[in-house]
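Good morning, and thank you for coming. Please take a moment with the structure on the screen before I go through it.

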Amino acid sequence: MADKILMKGNEALAEAAIMAGCRHYFGYPITPQTEVAAYMAKRMPKIGGVFLQAESEIAAINMVIGAAAAGKRAMTSSSSPGISLKSEGISYMAGCDLPALIVNVQRGGPGLGGIQPSQSDYFQATCGGGHGDFHLLVLAPSSVQEMADLVAKGFDLAEKYRMPCMLLADGTMGQMMEPVSLEETKQEACEKPWALTGTKGERKPNIINSLALQPQELEQWNEDRFKRYEIVKENEQMAESYLMDDAEYCVVAFGIAARVSQNAVDAARAKGIKVGMIRPITLWPFPEKVLKEAADKCKAFLSVELNMGQMIKDVKLAIDCKKPVDLCYRTGGMIPSPEEVLAAIEKMQKEGK
Amino acid sequence: METRRITLLAGHYGSGKTNIAVNFALYLAGQGKQVTLADMDIVNPYYRAKDSAAEMEKAGVKMIASLYANSNVDVPALPQEMYAVTEDKARYAVLDVGGDDRGALALGRYAPEILKENDFHMIYVFNASRPLSRRAEDALEIMKEIEVAGGVPFTAIVNNTNLGKETTWETVTASMEEANKLSQISGLPLLFTAVEESVLPINERENEQYFPLKLQKTIW
């Protein structure tokens, strides 16, 4: 085990990216993720990497496209309004089948919204994140350690499946300080025969492009891409189950909402309510398998979110609406207290009887 | 402990300046002094001194903070009443300066008055668990940058080495060598070592070398 150090989530993910072999970071400052850029600005020059503060979010994502096309591990980071600006580039990357890591440390929206934490970009992240038929891999950490761990995982998955990966955190995750242990991760060897690395006169040029001249061709690309998405859905669902073995009720929450909810679950257990929690770690692919299993055992579900109710739709789809699903939420930068979640659990139990 | 009218807490961001400032203000108030706690942070969006506003009010500590602290906007503005810190010499003042040199920039506006009165402790908060300032040499570099930006020279060091909720007594004792080294190479006294109260062993509670900290509870 490496020595533990105290880090902000934003710093931890930045250092984790460096340790995972990322040497190309392109960004633009925005609260509450500015520490990522600040950290990269300090570290990258010392290790021969590239830190570039672009003139805009749009420029930054297009630089990521260039570096990714050249076969490099590239990343960018921003917060909600900045991610909206990047969405054109994200769609182009999906269309070009390029791997990269995009970090969204969410703040309240819509519009300029506010700088306090939020999970209201769930739809944007999981339903594509730009125009066209596509998906992003979406990973949702719930501790500073996991912020770091999921960075390497995200790069590996992105390269394995040739798709952009989004680390979907929130302002609390980015700003909170917790002890972390950072270790050099073994990079999964991933050949990139498609990368634009120069032909050296020995092969035909590779072409990276999202424009199809014929509609039949574009249709085929989309069909092929969605076949790949099916493999991702089959193999890469990740979730953590907490006290689910004998649970009659199930809380579903990710990120900071899961941290608060876990305290509420403990409080409910102390009152004799048999409740557990499923914490999705991959939001896309959504952990349907574990939820389907829970639907056979549990009487009701409670989705806890920092938005007006977005993930709840995926919960209902995952369990085929077999059981009632309640919503407990705060929005605008507010976080539900454990007491609020506990009250929602008690309400669910009362109505579920 | 020797106290001066103005105590400034500065250092690398995330070193624990705010927690020390809040606890130090309470410590002074506990001695019957009239105390003002001023949040001078113009960088950090979350986890501000204002989180302890209710506790400060209860202890009779006057709080000066930006109207926009803990709000939904990024407005690096300080309120007009911040001038009271240097003007009202009947009160003790604890200043929570923003992190790094960027955070200390705002201090420059008040530096001439602070230097003129010359009754201050400018304290560097050292945390050996923070990745970019673990070594005394790195900390000294940050100290110099802060002095240039804030215009107030450091007069003392506080060791606040911690690992958040995973801090043990071992975390603290293991950091003493580096903290003493920083004291040595900077030529400044180590004023105290701050330790979360539940981590501080009973037999060390009377030891003035250690300063017990009460920390805010989180909901997660």
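Which residues does Gly89(A) touch, not counting residues up to four places away in sequence? They are Ile61(A) and Ile65(A), where contact means heavy atoms within 4.5 Å.

Before I go on, two remarks on conventions. This is a predicted model, in which local features need pLDDT of at least 70, side-chain atom pairs count only at pLDDT 80 or more, and totals for chains, interfaces and linings use all residues. Residues are numbered from 1 along each chain as its sequence is written, chains are lettered from A and ligands numbered from 1 in the order in which they are written, and side-chain values use heavy atoms, with hydrogens and water left out.

To return to Gly89(A): this residue belongs to helix 4 of chain A, residues 80–96. Helices (H or I, at least four residues) and strands (E, at least two) are DSSP runs, numbered from the N terminus. Gly89(A) is buried, with a relative accessible area of 3%. Buried stands for under 20% relative accessible area, exposed for over 50%, and partly exposed for what lies in between, with a 1.4 Å probe and protein chains only. From C-alpha to C-alpha, Gly89(A) is 6.0 Å from Asn62(A), although 27 residues separate the two in sequence.

Let me now turn to chain A as a whole. Chain A has twelve helices and 14 strands. Its radius of gyration is 20 Å, which agrees with the value near 20 Å for a compact globule of 353 residues. That radius is taken over C-alpha atoms, and the globule rule is 2.2 Å times the number of residues to the power 0.38. Of the 353 residues in chain A, 57% are buried. Among contacts between residues at least 6 apart in sequence, 78% join residues at least 24 apart.

Chain B has seven helices and eight strands. Its radius of gyration is 16 Å, close to the 17 Å that the rule gives for 220 residues, so chain B is as compact as a globular protein of that length. The C-alpha atoms of chain B fill a box of roughly 45 × 35 × 35 Å along the principal axes. Buried residues account for 52% of the 220 residues in chain B.

How do the two chains meet? The contact involves 34 residues from chain A and 25 residues from chain B. Together the chains bury about 2500 Å², 57% of it on carbon and sulfur atoms; buried area is the accessible area (1.4 Å probe) that two parts lose on being put together, summed over both. On the chain A side, Leu6(A), Ile115(A) and Gln116(A) lose the most area to chain B, together 22% of what that side buries.

I close with some backbone details. Most residues other than glycine have a negative phi, and most peptide bonds are trans. The peptide bond from Gly109(A) to Pro110(A) is cis, with omega near 0°, and Pro110(A) sits in the loop between strand 5 (100–106) and helix 5 (122–126). Trp284(A) and Pro285(A) are also joined by a cis peptide bond, with omega about 0°. Pro285(A) lies in the loop between strand 12 (282–284) and helix 10 (288–297).

Cys321(A) is exposed, with a relative accessible area of 56%.
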